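I opened the model to look up its aromatic rings. My notes follow.

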Amino acid sequence: SAHLAGFSLFGPEGEPNPAARIVDAVDTGAVDVAIVWGPVAGYFAKRAKSPLEITSVRPAAFAGIPFAFDITAAVSKNKPSLRAQIDQVLERECPAIRALLAEYSVPLEPEEKTPCASLQP
């Protein structure tokens with residue numbers, strides 16, 4: 001029979017990070033599988049005592065509930081120069097950002113365009 005365990009994302013102050021507890025539950029064998037936001041899962045899985053496999057949830061949505069999310073930055077419409085600066089930094093630092101994501105085994109969804117496309121020769 002199937003078993004399901006819930007984890008609160010809120011805990012008393014001073015307790016370990018809730019996401020760390022979820023990944024630790026997989027690491028210790030308390031649960032077999034956990035669904036955790038990719039960057040958090042990768043970060044804590046890298047520190048696990050035993051090797052853990054990180055992969056994207058498939059399908060990316062189930063019963064109308066999405067399991068894959070884009071990350072974005074919001075900038076006031078009144079600050080177009082700030083938006084341009086952020087875009088420039090993200091473009092310039094794209095290889096470093098992708099390397100960091102790979103270092104922490106963050107699962108990535110296929111992109112519409114080539115990552116760091118403007119930096120390609």
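I began with Tyr43, which is partly exposed because its relative accessibility is 34%; buried means under 20% relative accessible area, exposed over 50%, and partly exposed in between (1.4 Å probe, protein chains only). The model is predicted, so I noted that local features need pLDDT of at least 70, side-chain atom pairs count only at pLDDT 80 or more, and totals for chains, interfaces and linings use all residues. Residues are numbered from 1 along each chain as its sequence is written, and side-chain values use heavy atoms, with hydrogens and water left out.

Next I looked up ring pairs. Rings of Phe, Tyr and Trp (its six-membered ring) pair if their centres lie within 6.5 Å; planes under 30 degrees apart are stacked, over 60 edge-to-face, the rest tilted. I found two aromatic pairs in the structure. Tyr43 and Phe44 are edge-to-face, because their planes stand at 90°, with the ring centres 4.9 Å apart. Tyr43 and Tyr104 are stacked, at 5.7 Å centre to centre and 25° between the planes. I put Tyr43, Phe44 and Tyr104 down as one aromatic cluster.

Tyr104 is buried, at 17% relative accessible area.

Last, I checked for charges over rings (NZ of Lys or CZ of Arg within 6 Å of the ring centre and within 35 degrees of the ring normal). Arg47 lies over the face of Tyr43, 3.8 Å from the ring centre. The charged end of Lys46 sits over the ring of Tyr104, 5.8 Å from its centre.
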